[in-house]
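Please look through the sequence and the structure before reading on.

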Amino acid sequence: MAARVLADHVEHVTVLERDRLHPPPDGDARRGAPQGRHIHLLLAGGSRVVERYFPGMDADLAAAGAPGGDCGLRMITHFPTCPLPRCRLGFDVRFASRALRERLIRERLDRDARITFRDGALVKGLLGERGRVAGVRLRRDAGGEEALRAGLVVAACGREAPVPDWLEEIGCGAPREEIVDAHLSYASRWYQARSADTRDWDLAIDMPSAPHQRRGGAAMRHEDGRWLVTLQGIAGARAPTGDAEFVAWTRSLRVPEIHALIQDAEPISPIHGFGRTANRRRHFEEMARFPDGLVVLGDAVAAFNPVYGQGMSVAALGAQELDACLRAERARTGAPGLDGLSRRFQRRLAHLTDMPWQFATGEDFRWPETAGRRPGATQRFVRAYSDQVMHLIEDDAEAARTLMRVLHFLDPPTALFRPTLAGRVIEHAAGSALAGARGLAGGAAARLFTLAERRGGGG
Ligand SMILES: Cc1cc2nc3c(=O)[nH]c(=O)nc-3n(C[C@H](O)[C@H](O)[C@H](O)COP(=O)(O)OP(=O)(O)OC[C@H]3O[C@@H](n4cnc5c(N)ncnc54)[C@H](O)[C@@H]3O)c2cc1C
């Protein structure tokens, strides 16, 4: 996404990737992106950003066989509080493997003369020069090291990226890091349905619910008719990687469709576990000596508990923000303008990251076992309020639509505080103490509105 965005602003873009990509890797996961073995749902908001930069991508996914349709009709969702009713939500989602999404995007980039891929190239550090970044040091897997100069380096190298070490090495210091760990684990296995597959849904999810339901799971139909079943254990419950335990776990879920599916399907892969799932955020925007010539985005800045499916969308929104920064500079000076871009971009990205970070960590702190700095009063209020919205959705299609649009990054969280919905929340929550609660929640909602407006309205 960053490469596609940059191509509109700079002379040439070189993508450095440690894995070998040509010929395209077989199977579901490359070494550098092991998360590809687990269900990857791209939220509708992220999908719109992808479509903006790669017009026709959704049609390409559909042509490759990826199912899709209205999010409320094609998905069965059990939220922590209650099931989401199967109703039309008015926006679509596409169900595709991570590997297919990567392949289709890479094919587009391969056709773009402004972009060159160099695979088998492991970045080892930054070239520091007079307080700015002037390129990278890399090691080719064919052998040999190399210094590659560049006007701008974009570090989009994922959750495990050692960018703070690289910055220390060139004398810039390291960013403050926050870690919130709910001790979540994943286990996933591919299945092939035995009989003709006439299910009227493509994704079924049961989310873990504090304080007792530490087990979650999901089953998603993919482009080739295969199903990927992903189990999640939180707050210390370990998602099982043994055959019998895997089946038993699905039996214990609140969405019976997941167990029924695997009873009618053949396992066609080993079970793969995954445990590096803590929320981790690096505050590059606070650094006094953050150098020009470098921007950092995606998981390298903020990696989230993956249960909430935010990661790829936030990465895509980050790339879109980089585009906006470069456009603003061009409008101001008539040139691409890379000086000062780095700090400006990291500040704007930090603002964009606040909402998904607060959502993921706020949800994780429902578990007493979660390690990290606990949320403040505003975050606790928003969580309590959104709990009330969740209680409403069972019988209130409009509340369900609003909540799902917010969770899919189509609307800002302030949409949950619109007067019509806030009124229904208060009525539901307060019962006989209606009048007092209205004053309290109305005042708090007004304060949040003011806060959001002061911050630019984006939430
Ligand atoms: C188990 C799990 C399930 C998830 N499910 C979802 C989901 O349902 N929906 C969702 O939106 N997100 C999900 N995510 C999150 C999503 O995978 C990430 O947020 C997203 O991939 C981040 O993109 P990125 O480009 O920042 O990093 P990555 O996709 O991790 O890509 C980093 C790339 O950099 C390369 N690289 C790393 N270091 C170097 C180096 N030194 N030199 C050269 N190349 C290097 C790697 O090989 C890799 O190709 C999930 C994550 C996990 C762990």
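Accessible areas here come from the Shrake-Rupley method with a 1.4 Å probe. On that basis the chain exposes about 20,000 Å², and carbon and sulfur atoms supply 51% of this area. The model is a predicted one.

## The chain as a whole

The chain holds 14 helices and 19 strands. Its C-alpha atoms fill a box of roughly 65 × 55 × 40 Å along the principal axes. The radius of gyration is 23 Å, which agrees with the value near 23 Å for a compact globule, because that is what 459 residues would give. Of the 459 residues, 51% count as buried. Contacts between residues at least 6 apart in sequence can also be sorted by separation: 72% of them join residues at least 24 apart.

## Around the ligand

Which residues come nearest to the ligand? Out of 29 residues around it, they are Glu17, His40, Arg98, Asp299 and Met312. By class, this shell has 13 nonpolar, 10 polar and 6 charged residues. Strand S1 (13-17), strand S6 (121-129) and helix H9 (311-333) each supply at least two residues of the shell.

| Residue | Protein atom | Distance to a ligand oxygen atom |
|---|---|---|
| Glycine 309 | backbone N or O | 3.3 Å |
| Glycine 311 | polar backbone atom | 3.5 Å |
| Methionine 312 | polar backbone atom | 2.8 Å |

Taken alone, the ligand exposes 1,000 Å², and the protein buries 90% of that area.

Threonine 77 belongs to strand S3, which covers residues 75-78. With a relative accessible area of 6%, threonine 77 is buried, since buried means under 20%. Leaving out residues up to four places away in sequence, threonine 77 touches Pro83, Leu84 and Ile205.

Threonine 230 sits in strand S14, residues 226-233. Is threonine 230 buried or exposed? Its relative accessible area is 1%, so threonine 230 is buried. The side chain of threonine 230 makes a polar contact of 2.6 Å with the side chain of serine 188. Serine 188 is also among the residues that threonine 230 touches beyond four places in sequence, along with His38, Ile39, Tyr186, Ala187, Gly217 and Ala218.

Threonine 333 lies in helix H9, and H9 is one of the elements that supply residues to the ligand shell. Threonine 333 counts as partly exposed because its relative accessibility is 42%.

## Arginine 18

Arginine 18 is placed in the loop between S1 and helix H2 (44-53). Its relative accessible area of 36% makes arginine 18 partly exposed. How far apart in space are the C-alpha atoms of arginine 18 and glycine 120? They are 4.6 Å apart, although the two residues are 102 residues apart in sequence.

## Backbone geometry

Most residues other than glycine have a negative phi, and most peptide bonds are trans.

Arginine 130 is not a glycine, yet has a positive phi of about 50°. This residue is in the loop between S6 and strand S7 (132-140). At 79% relative accessibility, arginine 130 counts as exposed.

Alanine 235, also not a glycine, has a positive phi of about 55°. The loop that holds alanine 235 runs between S14 and helix H7 (243-251). Alanine 235 is buried, with a relative accessible area of 8%.

Where a cis peptide bond occurs, the residues joined are alanine 210 and proline 211, with omega about 5°. Proline 211 has its place in the loop between strand S12 (203-206) and strand S13 (215-221).

Technical notes: Residues are numbered from 1 along each chain as its sequence is written. This is a predicted model: local features need pLDDT of at least 70, side-chain atom pairs count only at pLDDT 80 or more; totals for chains, interfaces and linings use all residues. Side-chain values use heavy atoms; hydrogens and water are left out. A residue is near a molecule or strand if one of its heavy atoms lies within 4 Å of it. A polar contact is a pair of N or O atoms within 3.5 Å; within protein, one must be able to donate a hydrogen and the other to accept it, and residues adjacent in sequence count only if both atoms are side-chain atoms. Helices (H or I, at least four residues) and strands (E, at least two) are DSSP runs, numbered from the N terminus. Ala, Val, Leu, Ile, Met, Phe, Trp, Tyr, Cys and Pro count as nonpolar, Asp, Glu, Lys and Arg as charged, and the others, Gly among them, as polar. The radius of gyration is taken over C-alpha atoms; the globule rule is 2.2 Å times the number of residues to the power 0.38. Buried means under 20% relative accessible area, exposed over 50%, partly exposed in between (1.4 Å probe, protein chains only). Contact means heavy atoms within 4.5 Å.
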